[in-house]
Amino acid sequence: MQSKLFIGGKWAEPLEGGTLDVINPATEQVFHRCAAGTAADVDAAVAAAKGAMAGPWSRTSGHDRAGYLRAIAAKIEEQKQALAEIEVRDNGKPLPEALWDVGDAAYCFNLYATYAEELDGRQGEIIGVPDDRFQSRVKYMPAGVTGLIVPWNYPLLMAAWKVAPAIAAGCAVVLKPSEYTPLTALELGRIAAEVGLPDGVLNVVTGYGGTAGARLSAHPDVRKLAFTGSVPTGIAVASVAARDVKSVSLELGGKSPIVVFDDADIEHTVEWVMFGIFWNQGQVCSATSRMIVEKGIAPKLIGRLSEEAKKITIGDGMTPGTLLGPLVSKIQYDKVLNYIEVGKKEATLITGGARPSHLNEGYFLEPTIFADVRPSARIWKEEIFGPVLAVSTFETEDEALRLANDSEFGLAAAVMSQDIKRAERVADAFEAGVVWINCSQPNFLEPPWGGVKKSGIGRELGTWGLNNFLEPKQITRYLTRDPWGWYLKG
Ligand code: NAD
């Protein structure tokens with residue numbers, strides 16, 4: 001495991017010499033130390049990226065870049081087990097989930113290899129204009145030096161969602177992982193070097209948000225910022241970026257609803273609701289953390305959920321059979337415990353709400369369900385980012401939609417019903433960027449991903465993700481030699 005910074009294709013000590021402790025949330029023990037990069041290191045990384053953009057990298061074709069992306073994907077696949085084990089120690093998630101994430105990261109690099117090749121075919125695209133003396137074509141330019149700031153809940157995968165399209169587009173990037181989970185981003189730097197990605201195209205600066213992240217957002221040579229994280233940090237990043245009129249895309253938080261009608265298949269619903277809120281310890285931006293259930297079936301569904309939640313195996317992510325690992329950090333653990341205390345005053349605790357009695361150390365928490373949650377309750381409105389489900393009931397479809405859409409967030413939403421016409425109608429009416437029918441959370445990398453309202457600006461994944469890192473340029477040519485004579489007209 002690396003502890004230095006990856007800048008200009010080389011491993012570099014942080015200029016101011018700081019370190020950050022990497023803690024295993026299952027044991028609360030420090031197991032590694034990484035460099036705490038500061039503004040000076042970010043400046044060096046941005047300079048390296050700028051140097052790469054000024055060199056042959058900017059003349060590579062999509063086809064050339066696809067070669068690097070596929071080579072990175074192959075290395076990730078080859079080293080899947082080792083990368084997943086690092087992710088488990090760093091983040092706490094169960095190993096099968098980490099293996100899934102790493103596989104998805106490899107898939108992401110392969111997918112953007114294909115998009116990079118397709119980009120060659122899009123170059124020079126002719127755009128019809130209503131005057132046949134002119135021809136307009138579009139050239140797609142890389143956005144330039146790009147800052148990528150990612151969170152801790154899917155450390156490698158969130159990095160892949162940004163690094164792969166940015167490289168496909170021909171950008172040179174500085175990646176700043178979360179201070180809680182810096183390790184797999186550094187592994188990505190190592191892999192980039194192994195496959196011969198030109199120096200400076202991918203730089204990795206580990207460090208704290210308030211120093212390294214803030215400098216990356218403010219650096220005048222960064223032309224594009226892609227950020228995933230919380231709403232307050234997203235606002236801070238976008239505000240700073242506005243000073244230089246940087247292009248910014250934001251993937252922020254959520255408080256997503258899952259609406260359950262009384263004709264839904266109960267056992268399927270139990271499975272999807274549990275997956276929607278307990279997967280990754282509930283630390284999922286799109287987690288369906290608000291269940292809005294039709295009154296008639298509420299007691300039965302809540303009863304079944306409670307039974308199943310109690311059966312979930314909680315433990316170290318490396319222990320076979322673990323379904324729920326620890327929360328990522330002490331700060332996150334305390335934050336979620338605090339929300340549980342708030343919830344006890346605002347609603348009815350159905351199950352969970354405490355540290356499991358068999359686990360004395362680690363940031364472990366029982367899967368928790370609150371019922372009778374009012375729309376004004378904090379646990380209904382605010383993103384908890386932990387394994388805590390808030391339940392409310394409805395009597396009409398209109399009421400369900402009102403409750404679902406009454407949120408400052410708009411990342412995701414789900415509906416469970418066997419009446420497909422109704423489910424489609426509700427799906428259309430959700431104010432959200434991602435909607436699931438009769439499921440919650442499955443995510444493919446080809447469709448667009450992102451939120452409305454305070455959940456973000458722009459879309460990642462698919463070709464939308466690639467477009468994030470491209471600047472289209474129109475080139476319009478006058479096709480005739482005749483004088484146009486605009487000044488003679490009228
Ligand atoms: P966070 O906002 O605390 O941190 C995100 C990143 O920003 C980290 O790398 C951090 O170091 C950096 N940062 C912190 N302060 C900064 C500053 N002033 N300037 C620049 N960078 C700074 O978020 P988190 O706790 O790491 O992640 C959890 C949040 O991320 C949740 O709100 C979750 O919903 C959201 N999230 C959203 C998506 C999505 O696709 N919409 C995906 C994953 C996570």
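This is a predicted model: local features need pLDDT of at least 70, side-chain atom pairs count only at pLDDT 80 or more; totals for chains, interfaces and linings use all residues.

I call a residue buried under 20% relative accessible area, exposed over 50% and partly exposed in between, with a 1.4 Å probe and protein chains only. Helices (H or I, at least four residues) and strands (E, at least two) are DSSP runs numbered from the N terminus. Residues are numbered from 1 along each chain as its sequence is written, and side-chain values use heavy atoms, leaving out hydrogens and water.

**H5.** I checked how covered helix H5 is: 15 of its 15 residues are buried. H5 covers residues 155-169 and reaches 22 Å between its first and last C-alpha, close to the expected 21 Å (1.5 Å times one less than the number of residues).

I traced an open sheet of seven strands in the order E14-E15-E16-E13-E12-E18-E19, with mixed pairing (a pair needs at least two DSSP bridges). E14 and E19 are at the edges with a single partner strand each, so one side of each lacks a neighbour in the sheet.

**The E19 end.** E18 and E19 run parallel, joined by four bridges, and Ala 412 sits opposite Val 434. The chain gets from E18 to E19 through helix H14 (residues 420-429), a right-handed β-α-β crossover (clockwise from first strand over helix to second, with the strands pointing away from the viewer). On E19, Val 434 and Trp 436 make up the covered face, while Val 435 and Ile 437 are on the uncovered one.
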